[in-house]
Amino acid sequence: MNAALQDGYGGYLVLSAIVLLAHEPWRWLGFALGRNIKADGEVFLWVRAVATALVSGMVTKLVLLPAGTLASVPLAVRGAALVGGIAIYTATRRSLAFGVGGGSAILALIEWLRAGVW
Amino acid sequence: MSVDVIAAAHPDAPGWSLGADKPTAFAHGLAVLLSTPGVVLFLTALGFGTLVRDASMTLGHAVFLSLAMYALPAQVMVVDQLQRGATLLAVAFAVTLTAVRLLPMTVSLQPYIRAREGSRLAQFAAVHFIAITAWIEGNRRLPALPERLRLAHFYGIGFGMVAATSSGSAVGYVLAQRMPLILQAALLFMTPSYFLLSTMAAAGHRRDWIAIVLGGALAPLVYVWMPAADLLIAGLVGGSVAYLAGRSTT
């Protein structure tokens with residue numbers, strides 16, 4: 001464990017400082033900047049498109065370049081699970097539960113079969 | 001004075017919202033805990049709890065980070081960096097880079113959260129709940145609700161999501177290393193699936209679809225030459241092009 005966290009209360013103090021100085025200010029700034037934005041205005045449409053593109057970028061990064069345990073699953077399997085999830089989502093009349101659950105089930109099934117073969 | 005009493009209900013307004021009061025709106029928001037996004041968040045938080053255990057930090061740290069940050073990418077960053085022995089300044093810098101994405105989300109949710117009634121403080125405190133999951137749910141549900149119910153409903157969503165992520169972290173911490181690797185991978189995979197499918201579910205206009213495709217395609221490309229700001233650049237470029245393309249067709 002990092003030395004900064006070893007002392008009980010000191011550890012929470014360090015984490016609090018990181019949260020308050022490095023993380024929350026972006027939310028506060030968004031609150032301040034959003035004051036004059038209207039839900040049907042052009043600026044709003046642009047900001048929303050930026051946020052949507054950003055979330056989508058995070059998806060491809062998590063699938064193509066994952067960290068940790070997911071990296072042990074081959075890229076082709078991750079891709080197949082994502083495409084399969086989209087297909088199930090579409091086939092079930094846009095059910096998020098079936099799409100998300102189905103994608104992960106495909107991933108687990110292929111990995112389980114692979115582990116059995118090798 | 002309330003315009004909303006005379007204004008016709010939104011065509012997509014859920015049945016419960018007709019004539020509902022604020023506690024009801026809050027309760028319906030809280031019920032997100034039992035819906036797909038709540039369950040997915042709980043399951044992905046299991047992975048975070050596992051990671052905290054792996055970094056030999058405490059159960060308290062896992063729950064504290066979930067409550068105080070309530071944004072999984074930043075939480076993962078803190079634990080991962082501390083585990084690698086990074087300096088606190090480096091940790092703070094990395095966290096700040098992952099948190100910039102909260103800015104456009106917060107800005108774009110403001111028109112729904114800022115009802116004319118309701119205190120400034122309550123509106124300000126609500127931004128703590130803005131992270132991808134609550135942003136997606138807010139975007140999907142708030143526009144169809146009467147204005148006076150939106151803040152209360154968003155508070156319900158926020159409390160539900162924070163409860164899902166902190167309880168998930170705690171359970172993950174306790175179960176860590178007892179879960180088979182394949183199960184862990186399947187749980188971790190739910191995060192990108194949920195992000196993608198729910199963004200698709202919220203997409204209506206052509207602009208949204210272009211943003212999804214461009215943002216998704218640009219992020220890994222930008223990552224190659226500028227890993228620190230990849231998401232921000234992919235979002236700004238992809239979103240701006242989508243906005244302009246959407247404009248030219250309307």
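Q: If contact means that heavy atoms lie within 4.5 Å, what do the buried residues of α5(B) pack against?

A: They pack against α1 of chain A together with α3 (36-54), α4 (59-68), α6 (88-99) and α10 (147-175) of chain B, where helices are DSSP runs of H or I with at least four residues, numbered from the N terminus. This is a predicted model, in which local features need pLDDT of at least 70 and side-chain atom pairs count only at pLDDT 80 or more, while totals for chains, interfaces and linings use all residues. Residues are numbered from 1 along each chain as its sequence is written, chains are lettered from A and ligands numbered from 1 in the order in which they are written, and side-chain values use heavy atoms, with hydrogens and water left out.

Q: What makes the span of helix α5 of chain B close to the expected one?

A: The expected span is 1.5 Å times one less than the number of residues; α5 (residues 72-83) of chain B has 12 residues and reaches 16 Å from its first C-alpha to its last, close to the expected 16 Å. Its buried residues include Leu72(B), Val78(B) and Leu82(B), and the helix is followed by Gly85(B), whose phi is positive, near 75 degrees.

Q: What makes the pair Arg48(A) and Asp208(B) a salt bridge?

A: A salt bridge requires a side-chain nitrogen of Lys or Arg within 4 Å of a carboxyl oxygen of Asp or Glu, and the closest N and O atoms of Arg48(A) and Asp208(B) are 3.6 Å apart, so the pair qualifies. The count between chain A and chain B is two salt bridges.

Q: How many residues of chain A and of chain B are in contact?

A: In chain A, 68 residues are in contact with 90 residues of chain B.

Note on methods:
Contact = heavy atoms within 4.5 Å. Helix = DSSP H or I, 4+ residues; strand = E, 2+ residues; numbered from the N terminus. Buried < 20%, exposed > 50% of the residue type's maximum accessible area, 1.4 Å probe, protein only.
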